[in-house]
Amino acid sequence: MNATDPVANLAALIRCPSVTPAEGGALSLLDSLLSPLGFAVERMVAMEDGTPDVENLYARLGTDGPHLMFAGHTDVVPVGDEAAWSHPPFAAEIDGGEMYGRGAVDMKGGIACFVAAIARHIEKHGKPQGSVSFLITGDEEGPSINGTSKLLEWAAAKGESWDACVVGEPTNPNQLGDMIKIGRRGSLSGRITVHGVQGHAAYPHLADNPIRGMLQLTQALMDPPFDTGTDNFQPSNLEVTTIDTGNAATNVIPARATASFNIRFNDTWTAETLRAEIIRRLDAAAVDGALRPDRTPVNYEIVWADRPSHVFLTRNNALISSLSGAVAEVTGLEPKLSTTGGTSDARFIKDYCPVVEFGLVGQTMHMVDERVAVADLETLTRIYETFIERWFGHAATE
């Protein structure tokens, strides 16, 4: 198999059914592509009680600096209703100039293109004047516990360090060249429980309806806005994602109500200051008698989700200008530098080196009939190849 062909690379990767956390043959395939190029390939299994074991891959070409990392994941989300797919989700069939398959854009396509890019670079110029590594996890679409964070810790403990990283997530909303992600908002989740007194709906004075209290609390979380945004980030946004009582009866006031929420926050906040603000709002709302006149304060408790994601912004000019320049050279477009969207494994990598994200168009990710334009695979490979030349050229002048 010729590693310089991104279409063949992606087809082979899609045919590996690596639904998270299964390896599915995807890491073995990468090993077979990278080892002949001179990469030293290692695979480690990360584990933690209560979570599935996950196999990950680390491969490095070269021993000297500067050191460029490409990071990504071979695990994919489940296919859903397979009968709803136009083409089998693990067949990598091409129809109308598009390759269909789970993971085509999120994000086996990015990996396939970067492999092709470094293979072409080696074929044309020899090995880079420095090092290139692949840091590939099987746990990005899962709980993200036994994946990139532990692989980074493992590699760093072995003495690995990096000067820059590109994550191959599908960052472009409409066409290749639209957008480079140079940061991400933080993410914080929690679960509120309001305790009431169960009773008959016809005798509310003998009960304490927790839904009334919950409505006061959730209203306070959503209004007023937390901020109006900053120079580099959207306004912070909190969404209540579930409200539940576990009550199937229409004539019974429930004993308790629960609600879950998630807030995506900008650099106005840290996870710690945001927790404090949320508690302040809840405590103020708990004594509000608008929906509970003549009642004691709402009896609530809150449990925070583990491992909040922290906001970050990359300011490394060598990395950003090399990638932006490569995009402009290949596509003629000036990519927007953005911090929009959800979280990614860049949130772990930022603690080790400057990191940006750039990959395919993400319109069909996680959908039935996930697919990628075959022409985009060649274009992205050329962008990555040009970026590799530019980044190492920039590093050589420093």
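Me: Which residues in helix 1 meet which residues in helix 3?
Reply: Pro6, Asn9, Leu10, Leu13 and Ile14 in helix 1 meet Lys108, Gly109, Ile111, Ala112, Cys113, Val115, Ala116 and Arg120 in helix 3, where contact means heavy atoms within 4.5 Å. By class, this contact of helix 1 with helix 3 has nine nonpolar, two polar and two charged residues. This is a predicted model, in which local features need pLDDT of at least 70, side-chain atom pairs count only at pLDDT 80 or more, and totals for chains, interfaces and linings use all residues. Residues are numbered from 1 along each chain as its sequence is written, and side-chain values use heavy atoms, leaving out hydrogens and water.

Me: Why is helix 1 called oblique to helix 3?
Reply: The axes of helix 1 (residues 6-14) and helix 3 (residues 108-125) come within 8 Å and cross at roughly 140°. That makes helix 1 oblique to helix 3, since angles under 35 degrees count as roughly parallel, over 145 as roughly antiparallel, 65 to 115 as roughly perpendicular and the rest as oblique.

Me: What makes cysteine 353 count as buried?
Reply: Its relative accessibility is 6%, and buried means under 20% relative accessible area (exposed is over 50%, partly exposed in between; 1.4 Å probe, protein chains only). Cysteine 16, at 11%, therefore counts as buried too.

Definitions and conventions
Axes are lines fitted to C-alpha atoms, for helices over the stretch in contact, and angles run from 0 to 180 degrees between N-to-C directions. Helices (H or I, at least four residues) and strands (E, at least two) are DSSP runs, numbered from the N terminus. Ala, Val, Leu, Ile, Met, Phe, Trp, Tyr, Cys and Pro count as nonpolar, Asp, Glu, Lys and Arg as charged, and the others, Gly among them, as polar.
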